[in-house]
Amino acid sequence: MKYLNSGLVSQTVKAAAVVAALVLSTSAGHAQARPFAGFDGAWSGNGTVSLSDGSTERLRCRAMYQIDSTGLALKQTLRCASDSYKFDLASDVTSHGDHITGSWSETNRNISGSLLGTAGSGRIDLTVESAGFTASLTLRTTGNRQTVQISSKGDIRGVSITMVKG
């Protein structure tokens with residue numbers, strides 16, 4: 001009887017391990033399949049821009065994120081303005097596993113380029129580049145609150161924005 005119970009326990013433990021592995025791999029796959037979850041919709045808020053001359057200005061911002069039906073592609077627009085400064089940033093991003101790639105443009109300065117980074121768990125980290133320009137961009141979303149941080153060595157040295165959804 002001990003051997004029968006021991007064999008049953010062993011089989012139960014193995015079955016539980018297989019089920020746990022399947023559940024974990026399904027959860028990990030699902031997380032990778034939806035790297036832009038939580039970003040979709042319209043956002044608005046305020047922030048500051050730091051310029052190369054050392055000045056800072058308050059910004060008013062609006063963002064729109066559209067995620068395709070697969071959850072693997074994202075279109076973003078971010079429009080910000082102060083009393084004397086504005087920028088209109090647009091990007092198209094595609095997920096490739098745990099990495100993302102895409103393109104971006106800023107219409108007021110007529111510049112565009114490529115982007116590369118990671119996305120998942122409510123966070124997007126990017127490096128954006130064009131001829132003679134590089135910046136890092138971090139977006140974090142928790143519930144209906146989003147923060148955007150941009151830093152570069154160009155005219156715009158830094159941007160810090162907090163937005164809410166709706």
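Start by selecting Val159. Leaving out residues up to four places away in sequence, Val159 touches Thr48, Val49, Leu59, Phe87, Val148, Gln149 and Ile150, where contact means heavy atoms within 4.5 Å.

Quick note before moving on: this is a predicted model, where local features need pLDDT of at least 70 and side-chain atom pairs count only at pLDDT 80 or more, while totals for chains, interfaces and linings use all residues. Residues are numbered from 1 along each chain as its sequence is written, and side-chain values use heavy atoms, with hydrogens and water left out.

Along with Val159, they have the most contacts inside the largest nonpolar core, which has 32 residues. Such a core is a set of buried Ala, Val, Leu, Ile, Met, Phe, Trp, Tyr and Cys residues joined through side-chain atoms within 4.5 Å. Buried means under 20% relative accessible area, exposed over 50%, and partly exposed in between (1.4 Å probe, protein chains only).

Next up, charges. The whole structure has five salt bridges (a side-chain nitrogen of Lys or Arg within 4 Å of a carboxyl oxygen of Asp or Glu).

Pick Lys165 and Asp40: their side chains meet in one, at 3.6 Å, N to O. This pair links distant parts of the chain, 125 residues apart. Lys165 is partly exposed at 35%, and so is Asp40 at 37%.

Last stop: Glu106 and Arg109. Is Glu106 buried or exposed? Glu106 is buried, at 6%, whereas its salt-bridge partner Arg109 is partly exposed at 32%.

Key. Helices (H or I, at least four residues) and strands (E, at least two) are DSSP runs, numbered from the N terminus.
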